[in-house]
Amino acid sequence: MDGFGFVFEKWLDTQYFTNHSSSDFVYSLTNSKDINVSQGNFCHTEKVDHTGAVVWDDAVVLARYLEKKVGENAHIFKGKNVVELGCGCGLIGILMSKLGANVVLTDRADMMPLIRENIKRNSVENKCSYVVHEWGSNLDSLPDPLNKPFDIIIASGCVYHQEAVPLLNKSIQRLASEDATVYFAIDFRFDIRNRRESDFIAPVVKSFLEGTPLIMNKIPYEMLDQNFIKDSVMIYECSLPK
């Protein structure tokens, strides 16, 4: 599938680590075969939202941080049950499966063909499955393989629609085990129509941080992969209140 240019490019912060006009994105791994994901058609209008069909910088920053954690503790993700919400192309979930986790990728129904292709392309069918999940929906009757507590929840680039924020929180609270870790990658300035100052925070991000029930622990820049830092992207390692 061939990608195409931004429908709303003037809204967005510059992407440094990704290429939305390419049909493929290759993520280099140190000790394993590279991850190669197919990208779909990027589009965002009032009626069509295919922003998840491409890889974004915040996903790359989070992926490199997770890899760095494995460098410090090789078994940190081994055997963990992981779910990625709004997984898009599936990059982070596929990475986690290669790092030893059992992964469930979730997104809307229209993303499933792309996710299925990328799981197969990277030969992780035995460690990575996928299921349709709309945030906040059917939480009392979740299908397999979602109907279990997860050790780790991934949410990259998920904080961008005001009305979706409470639904995202509901899904996280339902899917998380008691001691779950939730990893967020958030771009504070994805919407730069009105301001470009370094301290600008997109209103939906500010609202999320003020209203989330999670205990949010921001990872300092010095703890990230120093080759993959973007000043507008913050990584959070979060937990549920006891």
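Which residues of helix H3 are buried? In this predicted model, H3 spans residues 112–121, and its buried residues are Met112, Leu114, Ile115, Asn118 and Ile119. Viewed down the axis of H3, these buried residues fall within an arc of 160 degrees, so they line one face of the helix.

What covers that face? The cover over the buried residues of H3 includes strand E2 (35–38) and helix H2 (91–98). It also includes strands E4 (102–107) and E5 (128–132). Just past the end of H3, serine 123 adopts a positive phi of about 55 degrees.

Helix H1 covers residues 57–72, and its axis comes within 10 Å of the axis of H2. The two axes cross at roughly 10 degrees. Angles under 35 degrees count as roughly parallel, and H1 and H2 are therefore roughly parallel to each other. The crossing of H1 past H2 is right-handed. On the H1 side, the contact is made by Ala59, Leu62, Ala63, Leu66 and Glu67. On the H2 side, Ile92, Leu95 and Met96 take part.

Now the confidence. The average pLDDT of the protein is 87, and 86% of the residues score at least 70. Residues 1–9 have a pLDDT below 50, and the model gives this stretch 30 contacts beyond near neighbours in sequence. Residues 192–196 also stay under 50. For residues 192–196, the model has 7 contacts beyond four places in sequence.

Definitions and conventions:
Residues numbered from 1 in each chain as written. Predicted model: local features only at pLDDT ≥ 70, side-chain atom pairs only at ≥ 80, totals over all residues. Heavy atoms only, no water. Buried < 20%, exposed > 50% of the residue type's maximum accessible area, 1.4 Å probe, protein only. Helix = DSSP H or I, 4+ residues; strand = E, 2+ residues; numbered from the N terminus. Arc of directions from axis to C-beta. Contact = heavy atoms within 4.5 Å. pLDDT = per-residue confidence, 0-100. Axes fitted to C-alpha atoms, helices over the stretch in contact; angles between N-to-C directions. Parallel < 35°, antiparallel > 145°, perpendicular 65-115°, else oblique. Left-handed = near helix turned anticlockwise from the far one by under 90°.
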